[in-house]
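Please keep the sequence and the model open as you read.

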Amino acid sequence: TAVAEESHMESPLKIAEIDHVVFRCRDQTKMLDFYTRLMGLVEERRIEQIGLIQLRAGRSMIDLVPSEGAFDEKSKDEKSRNVDHVCLGIEATDMSALARHLKACSVEVMGEPATRYGARGMGLSIYVRDPEGNIIELKQMPK
């Protein structure tokens, strides 16, 4: 079938690293204490309007955001999951072409490429959903 043939094509996507992971927190203060005091991470940035705390983890980041209630890992509602998303740093020159390729391979691409902040600063990224429903951000590595 066409889908089977497409899945055997060489992917234009090259993953370079994990850029960041975003955890939803029932108790953000406890999470911040755990990751800074016990794990040795350093707070890098806050965006108070959305409750975001970004922690440096080597070349990567761990982001802490407040949850909006109880967690249910089986739920389709992302806001009820503990892990919001994982961001992978990728080597790609044309994010729109990558999005088209992934859609052609029956991958759910959520929205258009947009500039977002990550472990290596600002860069274009897209969000996709893996087969289990996890949200993966694919973020262009800086040149």
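How many of the eight residues of strand β5 (residues 83-90) are buried?

1. Six of the eight are buried, so strand β5 counts as mostly covered. Buried here means under 20% relative accessible area, with over 50% called exposed and partly exposed in between (1.4 Å probe, protein chains only).

2. Before going on, please note that this is a predicted model, in which local features need pLDDT of at least 70, side-chain atom pairs count only at pLDDT 80 or more, and totals for chains, interfaces and linings use all residues. Residues are numbered from 1 along each chain as its sequence is written, and side-chain values use heavy atoms, leaving out hydrogens and water.

3. Now to the partners of β5. Strand β1 (residues 15-25) pairs with β5 in the antiparallel sense, over seven bridges; to pair, two strands need at least two DSSP bridges between them. Look for isoleucine 15, which stands opposite isoleucine 90 in β5.

4. Strand β8 (residues 135-140) runs parallel to β5, and five bridges join the two. Here glycine 89 stands opposite lysine 139 in β8.

5. Stepping back, the protein has three helices and eight strands, in the order α-β-α-β-β-β-β-α-β-β-β from the N terminus. These are DSSP runs numbered from the N terminus: helices are H or I with at least four residues, strands E with at least two.

6. Of the 143 residues in the protein, 40% are buried. Among contacts (heavy atoms within 4.5 Å) between residues at least 6 apart in sequence, 54% join residues at least 24 apart.
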